[in-house]
Amino acid sequence: MFYLSIKIFFARILDVTLGVIRTVEIVKKNTIKAVIIAFFEVLIWYIVAREALTYKEFNIVIAVCYSLGYAFGTLIGSFISNYFISGNSGIFIVSKVIKKKEINIIKNNGYRLSSLTLDNDNKMLFIEVDNRKVKGLLSLIKSIDKQSFVCIIDAKKNFFNFL
């Protein structure tokens, strides 16, 4: 029973992690990858669920390991999707503080951007950045202007190719 519980725990981590990654691939419109991942995800789930449900008697340890595997799979899948699955974000910033000097600081830190001066002398910046570099950019922006308004969107396509 101990071996079965551990096996169920790790198998659930694997199948739920695959489920999270599959969902990210669907959102990114990578249908073929999502279909392949879905096959293995459900195959693992079926085998594990069958073993868990056909154990000769109800056992709370198996149920807890099944549930913990799901929870840890969600955690690990989220970690993987945040750090290892590439993608870009579009970041829109509105600031009263940011002027030409600050724009050059942002550019010198490796970020490509486009800017627009609004009627009230605010600057609006449009920056496309790899998802893994969003935190660094946000830290830089907050060091320049803590009061800036920041909006982050998932960039499906590289919409700054024209720069």
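This report describes the overall dimensions, the strand pairing and a surface patch of a predicted model.

## Overall form

The chain holds five helices and four strands, and their order along the sequence reads α-α-α-β-α-β-β-α-β. Its radius of gyration is 23 Å, whereas a compact globule of 163 residues would have a value near 15 Å; along the principal axes, the C-alpha atoms fill a box of roughly 70 × 30 × 25 Å.

Buried residues account for 37% of the 163 residues, and the chain exposes about 10,500 Å², of which carbon and sulfur atoms supply 65%. Among contacts between residues at least 6 apart in sequence, 72% join residues at least 24 apart.

## Strand E3 and its partners

Strand E3, residues 123-130, has six of its eight residues buried, and it is therefore largely enclosed by the rest of the structure. Strand E1 (residues 88-95) runs antiparallel to E3 and is joined to it by eight bridges, with Asn-88 having Asp-130 as its bridge partner in E3.

Strand E2 (residues 113-117) also pairs with E3 in the antiparallel sense, over five bridges, and here Leu-116 has Met-124 as its bridge partner in E3. The hairpin of E2 and E3 has five residues between the strands, and in this hairpin Asp-121 takes a positive phi near 65°.

## A nonpolar surface patch

Met-1, Phe-58, Ile-60, Val-61, Val-64, Leu-68, Phe-72, Leu-75 and Ile-76 form a nonpolar patch on the surface, and together they have about 840 Å² of accessible area. Val-64, one of these residues, lies in helix H3, which spans residues 60-83. With a relative accessible area of 40%, Val-64 counts as partly exposed, because that class lies between the cut-offs of 20% for buried and 50% for exposed.

Technical notes: Residues numbered from 1 in each chain as written. Predicted model: local features only at pLDDT ≥ 70, side-chain atom pairs only at ≥ 80, totals over all residues. Heavy atoms only, no water. Buried < 20%, exposed > 50% of the residue type's maximum accessible area, 1.4 Å probe, protein only. Helix = DSSP H or I, 4+ residues; strand = E, 2+ residues; numbered from the N terminus. Pairing = 2+ DSSP bridges. Patch = residues over 30% accessible without salt bridge, like charges linked within 9 Å, V, L, I, M, F, W, Y side chains within 5 Å. Areas by Shrake-Rupley, 256 points an atom, 1.4 Å probe, with all protein chains shown as cover. Salt bridge = Lys/Arg side-chain N within 4 Å of Asp/Glu carboxyl O. Rg over C-alpha atoms; globule rule 2.2 N^0.38 Å. Contact = heavy atoms within 4.5 Å.
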